[in-house]
Structures are given as C-alpha cells and as structure tokens.
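Here's a quick briefing for anyone meeting this protein for the first time. Take a look at the sequence and the model, then read on.

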Amino acid sequence: LKPKPPIQVVTSKVERLPKLRSIVSATGEIRAKEFVDIQAEVAGIIVELYVTEGQVVQKGETLLRLDDRQLKAEQDSARAQVGAAEADGRQGDVGVATAEANLAAEKTALANAKLEAEQAQTSRDRAKASFARKQELHEQKLIGGEEFEVAAAEARLAEQRLLWKQARIEQAAANLVAAQTRVEAAKAVRDAACRRLDAAKAGLERASDMVGKTVLKAPLSGLITKLNVEKGERAVPGIQSNPIATLMTIAD
C-alpha cells in the first residue's frame, strides 16, 4: 500500500553557446577540379588558333590547327601504295586463275595421251597378232612375200606408234608437274601481294592518323587558363612533364 516515490523533474534554461572554430594560417595553391595541358603529338607550324586566354570552350571544340601539307602528301603517297598493292593483288588472282587453267589443260592432255596410248597398244596387239598369222601362212606358202612384208611393216609401225604415245604420256606428266609448280608459284606471288596490301593499308591508316592529329580539340569543357603559343609559332611534340611543349591549359 506504500506509494511509489515521485519522478523528479529538473528544469533549466536553454542557452546558445558560441560556435567553435579552428583557424589555421598557411600557404597553399588554388587548383582546378579538373585541368589538362594541351600538347601536340606531331610537329608543325600553327596555321590557325581559334581560342584566346580566358575563353570558355566546350568538349570537342577545335582549339588550333597545324600545317598538314607534308603529312597529307605522305597520306596521298600511302593511298597510292594501297592502290598499287590492290592492283598487284588483282594481277596475282589473274595469275593464279591462269595457272590453274593451264593445270586443268595439262590434266586433260595427260588423260588424252593415256587414252591414245591405250588405243595404240590395242592396234599394236592386233598388228602383232596379224603379223604372227601371216608369218605362219607365209611359212606354209599360202600367202605371198609382199603381203607378209606389209604385215611386218604394219607391226613395226604399230610398235613405234605405241612407243611414241608412251613418250607423250611422260611428256604430259612432266608438263602437269610443271603446271602444278606454276600454280604454287602464282599463289605465292598472290599471297605476297596480299601481304604488301596489308602493309600498305597499315601505312595509310598511320598517315591518316597523323593528319588527324594536326587538328587539336578540347578534351573537356572548361576555361583556357593559360595560352602559351600564338599563330605562326611551331608546336613541338613533348611529354606531359615538359612545360615547353604545353600549348595551353584548360581547367574546369
């Protein structure tokens, strides 16, 4: 039945305390949030300068242009080399096609020579059989000497024709091997032309890239905080740590 002790309530007055500050005095440098030094990748005379110091530029905006006559001449030379290499490639294709056509012709010639040799062998066998029969009849005095001599001559001629046809087979086989060699040589010439074409295209791509580097554009939007060159001066390629090569600075 004993009651609980009452809750004690403490009141106080709200007061505003002074703000605590920490002040440090030191030297420093004000730096931009983002900045970039513009340098040329190729050497050349500045023929156009489109910006001034303190000007605001947008990303992708053209800043300056270098003299590109020599680089364009190299690009035209590389383009001509590509054209010549393409012509060599087409000529190589024609050479391969011609060599393959000659190879097919030599295969046909070899097949014809073999067929003619088979026919000559058949004729030779018939002539020999006829000569053997007439020789037997001549020995039996059943035919005259003239007919026997004709049969002997025909047998000799048939044998010579067979030897000639066999020689043609050997010649056709040799021609076929030579034609196959010419096909391989033509393919090697064509492959070399293709490699020269690839090299010429790579040279053209490099020359075109060098021409493109004569136009410098802003890599970011910002303010031209420093402009170190004027129109007519020569831009010298350099590294980022070389202040002489820095053409201008863009800061955000």
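Strand β3 and strand β6 (residues 222-227) run antiparallel, with two bridges joining them. Within that pairing, V57 sits opposite G222 of β6. Keep in mind that this is a predicted model.

**The sheet**
- β3 and β6 belong to an open sheet of four strands, ordered β1-β8-β6-β3, with antiparallel pairing.
- The edges are taken by β1 (35-39) and β3 (56-57); each has a single partner strand, so one side of each has no neighbour in the sheet.
- As a bit of background, strands of a sheet pair through backbone hydrogen bonds, and they can be parallel or antiparallel.

**The overall layout**
- Count up the elements and you get two helices and eight strands.
- Starting at the N terminus, they run β-β-β-β-α-α-β-β-β-β.
- The protein is more spread out than a compact globule, because its radius of gyration is 48 Å, well over the 18 Å that the globule rule gives for 252 residues.
- Along the principal axes, the C-alpha atoms fill a box of roughly 165 × 95 × 25 Å.

**Contacts and burial**
- Of the 252 residues, 27% count as buried.
- Take the contacts between residues at least 6 apart in sequence: 83% of them join residues at least 24 apart.

Terms used: Residues numbered from 1 in each chain as written. Predicted model: local features only at pLDDT ≥ 70, side-chain atom pairs only at ≥ 80, totals over all residues. Heavy atoms only, no water. Rg over C-alpha atoms; globule rule 2.2 N^0.38 Å. Buried < 20%, exposed > 50% of the residue type's maximum accessible area, 1.4 Å probe, protein only. Contact = heavy atoms within 4.5 Å. Pairing = 2+ DSSP bridges.
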